[in-house]
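Let's take a walk through this structure, one stop at a time. Keep the sequence and the 3D view side by side as you read.

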Amino acid sequence: MNKEMSGAHFPESIGTLDSRSREIFRAIVESYLESGEPMGSRNLSRQLEMSLSAASIRNVMSDLEHLGLIYAPHISAGRLPTEMGLRYFVDGFVEFGRISNQERAEIDVQVQAHASNQSVDGVLAEASQMLSGVAQGAGLVITGKRGDVRLKHIEFVRLEPLRALVVIVGEDGNVENRIIDLPPGIAASALTEASNYLNAHLAGMTIAEARAEIDRLHSHARVELDELAKSLVDQGLATWAGAAEDHPAQLIIRGRANLLNTTKDEEDLDRLRLLFEELESKKGLMQLLDLAEEGQGVRIFIGSENKLFSLSGSSVVVAPYRDSDQRIVGALGVIGPTRLNYARIVPMVDYTAQVVSRMLGFSSSGA
């Protein structure tokens, strides 16, 4: 499994921790991931396989605290891992293996439930729901950028003397409409001519590719099209390119209640609500999609490592999924508290992204 981290940098002294310090640190973090509660020196002395007094453990804990790996939430309390401590634990202690055959089969069944009727939205929604259940957090899926949709058919339909409907049909079967203004005096034949020209030259291309191709063919277009039809071609593509930029992605979130129910502090609840609002904004969506596109595998962000999640103090595990041409068209993952079960969730997200990629490739090929 290809797993990529955030690129965190640790003090050089952390790399020289002795086995006793590493074992105590591991015990503190594992206790936190299981219970969310601080671990004190007396409990540690009873749990550790090595024989150490509570005083010796407190000395080690003090050193770990000095390194920034753990902290005391209250005076005389036990210790919890810091965000840097969690990152150090995830990078250096967690072993990410393959998920079991049973878990693979369960993911295959749940995600592929909508593949038979080629419902892309169904596949993505089911993936989000499934990840929510696995993580007991919020499962999320970001659909691909609309500008990545490959064109199957374009048509101009007059609505009024100076207004027309541009109908675009994608290879994925989705149909969308935009209204454009028509130049005065345009004939019905020009609408037909513009539609035929676009369909002859641009089938199978994305909007971005189509615009580049039209720019390349402009000299030929002047010969093949009259000026009014040429104006329609330019305006239609510009309209759709603008639509793709204005609405670059869509978000599917399942299991918000899981995340909210695990948070009891009112201030933390407000932060989570702000996180969801930010995610659902266009800017937040693009940030999350960009995070997935920056790497080839699963990306793990803990708390303030990424500003999008720093306010809520959440962790996110996110992976890209691809279409039949191996282009990244979206991302899926899990948002939860920093005490996620990373060893279990990371390979689940990774495999789910692979399944969704296969399903989307299957759907687009019509196999």
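Start with a pair of side chains: Glu30 and Arg26 meet in a salt bridge, with 3.4 Å from N to O. A salt bridge here is a side-chain nitrogen of Lys or Arg within 4 Å of a carboxyl oxygen of Asp or Glu. Before going on, a word on the ground rules: this is a predicted model, where local features need pLDDT of at least 70 and side-chain atom pairs count only at pLDDT 80 or more, while totals for chains, interfaces and linings use all residues. Residues are numbered from 1 along each chain as its sequence is written, and side-chain values use heavy atoms, leaving out hydrogens and water.

Why can Glu30 and Arg26 reach each other? They sit 4 residues apart in helix H1 (residues 19-35), so about one helical turn separates them. Helices (H or I, at least four residues) and strands (E, at least two) are DSSP runs, numbered from the N terminus. Glu30 is partly exposed, at 37% relative accessible area, and Arg26 is partly exposed too, at 27%. For these labels, buried means under 20% relative accessible area, exposed means over 50%, and partly exposed is in between (1.4 Å probe, protein chains only).

How many salt bridges are there by this rule? The count comes to 7. Among them is the one between Asp108 and Arg358, whose closest N and O atoms are 3.9 Å apart. Arg358 is partly exposed at 41%. Elsewhere, Arg87, Asp91 and Glu305 are joined in a network of salt bridges.

Back to H1, this time to see how it packs. Two packed helices are described by the angle between their axes and the distance between the axes. The axes of H1 and helix H3 (residues 54-66) come within 10 Å and cross at roughly 80°. Axes are lines fitted to C-alpha atoms, for helices over the stretch in contact, and angles run from 0 to 180 degrees between N-to-C directions. H1 and H3 are therefore roughly perpendicular, a label for angles of 65 to 115 degrees (under 35 is roughly parallel, over 145 roughly antiparallel, and the rest oblique). From H1, the contact (heavy atoms within 4.5 Å) is made by Arg20, Ser21, Ile24, Phe25 and Ile28, and from H3 by Ile57, Val60, Met61 and Leu64.

H1 also packs against helix H4, at an angle of about 105° with the axes 11 Å apart. H1 and H4 are therefore roughly perpendicular as well. Residues in this contact include Arg26 and Glu30 of H1, the pair we started with.

Is Thr82 buried or exposed? At 17% relative accessibility, Thr82 counts as buried. Leaving aside residues up to four places away in sequence, Thr82 touches Gly68, Leu69, Ile70 and Tyr71.

Last stop: helix H8 (residues 207-216), where Ile207, Ala210, Glu213 and Ile214 are buried. They cover an arc of only 120° around the axis, which puts them on the same side of H8; the arc is that of the directions from the helix axis to the C-beta atoms. On the other side of H8, Ala208, Asp215 and Arg216 are exposed.
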